[in-house]
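Here is a guided walk through a protein model, one step at a time. Keep the 3D view open and follow along as each part comes up.

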Amino acid sequence: MADTGIFATTAEIVRKAGDGANSTATAEAYTNDFIYQAESEINVATRYNWSDAYSGLNADVKGILTQAGSNLAAIYIINYDMGGYTSRTEAEDMINVLRDGYLRCISILRDVKARDFTNAA
């Protein structure tokens, strides 16, 4: 099986989920599903179909999409099973950091001026 996500790879997602991540949730079949869901959410939340436009985007926008997608997919992995982390608090802290990064990216991607700036670069 190969990575089917557009915005992020399994490796990028699993790195963010950390050492305590459940091996079932980090399997490629699961990460492909998680990134598909994340990409759909990003497209709808920003009211722009980044998936369709991806090949024509510049590296800066692709980097933001990778960050947003991998952050959200990593949250799904951590949430799948928190038992592998040293404590529930550690897992929740990781989720909070990833969530903050995801929301920051969504804010940037929603900003039409930022979109125009990066498209013109």
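**Starting from one tyrosine**

Set aside the neighbours within four places in sequence, and Y85 is in contact with A17, G20, A21, I78, E90, A91 and M94. Before we go further, bear in mind that this is a predicted model. Is Y85 buried or exposed? Its relative accessible area is 7%, and buried means under 20%, so Y85 counts as buried. One more thing about Y85: its C-alpha lies 8.6 Å from that of G18, although Y85 and G18 are 67 residues apart in sequence.

Helix 5 covers residues 88-110, and its axis and that of helix 4 come within 9 Å, crossing at roughly 150°. The crossing of helix 4 past helix 5 is left-handed.

Which residues of helix 4 and helix 5 meet? On the helix 4 side, look for V61, I64, L65, Q67, A68, N71, L72, A74, I75, I78 and N79. Facing them from helix 5 are A91, M94, I95, L98, R99, G101, Y102, R104, C105, I108 and L109. Sort the residues of this contact by class and you get 16 nonpolar, 4 polar and 2 charged.

Next, head over to helix 1. Helix 1 spans residues 10-17 and helix 4 spans residues 59-80; they pack with axes 8 Å apart, at an angle of about 55°. That makes helix 1 and helix 4 oblique to each other. Helix 1 goes past helix 4 in a right-handed crossing. Helix 1 brings E12, I13, K16 and A17 to the contact, while helix 4 brings T66, Q67, S70, N71, A73, A74, I77 and I78. By class, the contact of helix 1 with helix 4 has 6 nonpolar, 4 polar and 2 charged residues.

Helix 1 has a contact with helix 2 as well. Here the axes come within 10 Å and cross at roughly 90°. Helix 1 is therefore roughly perpendicular to helix 2. T10, I13 and V14 make the contact from helix 1, and E28, T31, N32 and I35 make it from helix 2. Those residues divide into 3 nonpolar, 3 polar and 1 charged.

How many aromatic pairs does a search of the whole structure find? The search turns up 5. Y30 and F34 are 4 residues apart in helix 2 (residues 28-46), so about one helical turn separates them. At 33% relative accessibility, Y30 counts as partly exposed, whereas F34 is buried at 10%. Y30 and F34 also belong to one aromatic cluster with Y76 and Y80.

D33 is in helix 2 too. With a relative accessible area of 37%, D33 is partly exposed. Between D33 and L98 there are 18 Å, C-alpha to C-alpha, and they are 65 residues apart in sequence.

Two last stops. R47 is in the loop between helix 2 and helix 3 (50-53), and R47 is exposed, with a relative accessible area of 77%. What is the phi of R47 near? The value is near 55°, which is positive, in a residue other than glycine. Most residues other than glycine have a negative phi. Finally, T4 is in the segment before helix 1, and at 56% relative accessibility T4 counts as exposed.

Definitions and conventions: Residues are numbered from 1 along each chain as its sequence is written. This is a predicted model: local features need pLDDT of at least 70, side-chain atom pairs count only at pLDDT 80 or more; totals for chains, interfaces and linings use all residues. Side-chain values use heavy atoms; hydrogens and water are left out. Axes are lines fitted to C-alpha atoms, for helices over the stretch in contact, and angles run from 0 to 180 degrees between N-to-C directions. Helices (H or I, at least four residues) and strands (E, at least two) are DSSP runs, numbered from the N terminus. Angles under 35 degrees count as roughly parallel, over 145 as roughly antiparallel, 65 to 115 as roughly perpendicular and the rest as oblique. A crossing is left-handed if the near helix is turned anticlockwise from the far one by less than a right angle, and right-handed if clockwise. Contact means heavy atoms within 4.5 Å. Ala, Val, Leu, Ile, Met, Phe, Trp, Tyr, Cys and Pro count as nonpolar, Asp, Glu, Lys and Arg as charged, and the others, Gly among them, as polar. Rings of Phe, Tyr and Trp (its six-membered ring) pair if their centres lie within 6.5 Å; planes under 30 degrees apart count as stacked, over 60 as edge-to-face and the rest as tilted. Buried means under 20% relative accessible area, exposed over 50%, partly exposed in between (1.4 Å probe, protein chains only).
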